[in-house]
Structures are given as C-alpha cells and as structure tokens.
Amino acid sequence: MSSSLATDDPGDRPAERDRLTYGAVHLDVTDAARALPFWRDLVGLAEIARTGDAIHLGIDGRALIVLHPGAERGPVRGRSGLYHVAIHLPDEAEFARALARIAAARVPQAPTDHIFSKATYLSDPDGIQLELTLETPDRAGEITVGAGSVTIRDASGRLRGMTEPLDVREVLSHLRDDDLDRRLPIGTTVGHVHLHVADLEATRRFYTDTIGFVEHTFVPGIGFADLSAGGRFPHRFAFNVWQGEGAPQPPAGTAGLRFFELVVEPSRREAIRERLDSDGHPYELEGETLITRDPSANEVRLAERG
C-alpha cells in the first residue's frame with residue numbers, strides 16, 4: 001500500500017481540516033517540584049491554573065498538559081499506556097528555539113528527522129517521554145507500507161528512512177534571536193499521542209471504526225500503526241505493541257498517562273456515542289464530555305468543539 005503525504009500544490013485547494021484534535025493530556029507525576037521545572041521552564045509551557053493538586057500548563061489560556069502529582073513510581077516496562085506525547089511547534093524559528101533551550105540546559109535529547117516532520121525527544125524527571133515536533137509535510141512524497149516494513153520517498157523522489165539524524169545546524173539557522181526563555185507561542189498544540197497497547201488490531205478497529213481516526217500506516221510485522229485525523233498531516237495518533245502483546249495497564253500509583261482529551265464537532269461526538277452503544281462498549285457522560293477506555297484500558301475523553 002502506498003499513500004501520498006503531500007500534494008503537488010497545496011494552494012490549489014483548501015486545506016483539509018482534522019476531524020479530531022487534542023485537548024489536554026493529563027499526566028500522573030511523582031512530584032510537582034520536580035515536574036514543573038521541566039514542563040514549564042524547559043519545555044516552555046505557561047502555568048494557567050491549579051485545581052486541587054492538578055497543575056494546568058498550556059498556551060494562551062488553553063491547557064495542553066495537566067500534571068497530577070502523587071504518583072509513587074516512574075513508568076513501568078511491559079505495560080500499556082503512554083509511549084510519548086507530542087507538542088507541535090508552529091514554525092521553524094520556534095522549533096529551533098526549543099532545541100536550543102534544551103541544549104543550553106544540557107538536558108539529553110534525541111533530534112530526529114522523520115521527513116514529514118522534524119522532532120526531538122526527551123524525558124521528564126519521571127521518565128515520561130515528550131516529543132517536540134515541527135510538521136513538514138511538504139518535504140515528504142510517498143510512503144509505501146508492507147506487512148513488515150515502511151519506506152518513504154521525499155518530495156524529490158529520494159528514498160529516505162522513517163527515522164534519520166536531524167540536521168541540527170540547519171534547524172538552528174532559523175533561530176531569529178537568542179531569547180531562549182520565551183514561552184511557547186500561540187499556535188503550539190498537542191499534535192499527536194503515541195500509546196503502548198495490548199492488541200494492535202483491536203486498537204486499530206477502536207480508533208478508526210469507533211472514534212473516527214483514519215488508517216494511514218498499519219504494519220503488524222513491526223507491531224506499529226499510525227493514524228491521521230483526516231487532514232493533510234498523517235501522524236495524529238500512533239500505537240504499538242512494543243511492550244508485549246497483552247501488556248496490562250501499569251499498577252496504581254505509576255507515573256504516566258491518566259487520560260487524554262479529544263475535541264470533536266457535536267455531531268461527531270454523538271455519532272461516536274452511538275457506535276459505542278452499538279458495540280456494547282462501556283462509556284459514561286460527565287456533563288458534555290464522553291468518557292471511555294480503549295481495548296487496552298487507556299482512558300479517552302471526548303469533548304465537543306466550541
């Protein structure tokens with residue numbers, strides 16, 4: 001199976017709109033005093049509010065990450081849950097600023113080129129993984145998906161790897177000033193979530209048939225799948241079985257994912273509710289928010305787009 005990642009001339013037609021977007025990702029952490037310097041000061045999120053023990057961090061009054069202190073231990077191997085959460089930056093200059101700030105703080109990171117995006121990976125003090133991403137779909141051409149492999153050609157037709165070293169010098173050339181303390185700007189979003197799951201096929205059916213993501217890359221041979229949200233960027237939700245088929249949820253008190261929020265049009269949320277009913281899949285309503293769990297017991301909350 002092959003699929004195009006970029007159109008010849010995106011200006012010829014209106015951009016597709018993602019049918020699902022992310023609200024906040026809620027994380028259990030051990031200690032707020034350790035977590036805040038990472039998520040607020042290093043990553044660059046602003047503290048918006050505190051509700052009880054929860055600390056809401058985000059952009060322009062909109063929460064992207066909510067920290068819940070009180071976990072007893074870091075992430076546990078061999079379990080389902082969060083692989084990483086990805087915060088997407090709006091342009092090359094802000095992506096460069098984020099890389100430079102992390103480098104200046106001497107925090108380990110892994111700059112990576114995915115061709116359709118540029119990224120760097122790092123972990124918070126509990127070991128929760130974060131990806132900072134710049135979407136670059138114009139650099140990508142075509143993906144070919146086999147049962148156990150994925151190949152990608154860039155926009156010039158050159159065969160590329162899905163994961164290559166990032167040209168950090170080129171990235172930093174876009175830095176317009178040396179203000180490394182500036183908070184992340186408007187336009188920053190949670191752009192994708194990547195989960196460890198217990199069953200690849202059951203997860204694919206749940207997030208495509210029930211929730212409404214669109215299958216983009218499904219590679220059982222390497223235990224990985226990637227879904228789009230119907231828009232131009234292909235990588236909106238990913239999952240893998242790299243912690244083992246049948247991996248259970250972490251024990252209570254483990255740092256990591258508490259739940260993540262998806263935002264949809266009211267009609268789509270109602271259609272999701274009807275599909276959950278039809279499948280006999282458990283859910284509950286909390287006001288206008290629909291709360292359910294995927295086949296690996298990862299909690300998903302669906303809110304209506306305002």
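In what order do the nine strands of the open sheet stand? In this predicted model, where residues are numbered from 1 along each chain as its sequence is written, the order is S13-S7-S8-S9-S6-S14-S17-S16-S15, with mixed pairing. Local features need pLDDT of at least 70 and side-chain atom pairs pLDDT 80 or more, while totals for chains, interfaces and linings use all residues, and side-chain values use heavy atoms, without hydrogens and water.

Strands (E, at least two residues) and helices (H or I, at least four) are DSSP runs numbered from the N terminus, and two strands pair if DSSP finds at least two bridges between them. The edge strands, each pairing on one side only, are S13 (164–165) and S15 (214–219). S8 is joined by seven bridges to the antiparallel strand S9 (residues 129–135), and Lys-118 stands opposite Leu-134 in S9.

Two helices lie on S6, S8 and S9, in contact through heavy atoms within 4.5 Å; the angles, from 0 to 180 degrees, are taken between N-to-C directions, with axes fitted to C-alpha atoms, for helices over the stretch in contact.

| Helix | Residues | Angle to S8 |
|---|---|---|
| H1 | 32–42 | about 155 degrees |
| H2 | 92–104 | about 25 degrees |

Within S8 (residues 117–123) lies Leu-122, which is buried (under 20% relative accessible area, with a 1.4 Å probe and protein chains only), its own value being 3%.

Notes
Buried means under 20% relative accessible area, exposed over 50%, partly exposed in between (1.4 Å probe, protein chains only).
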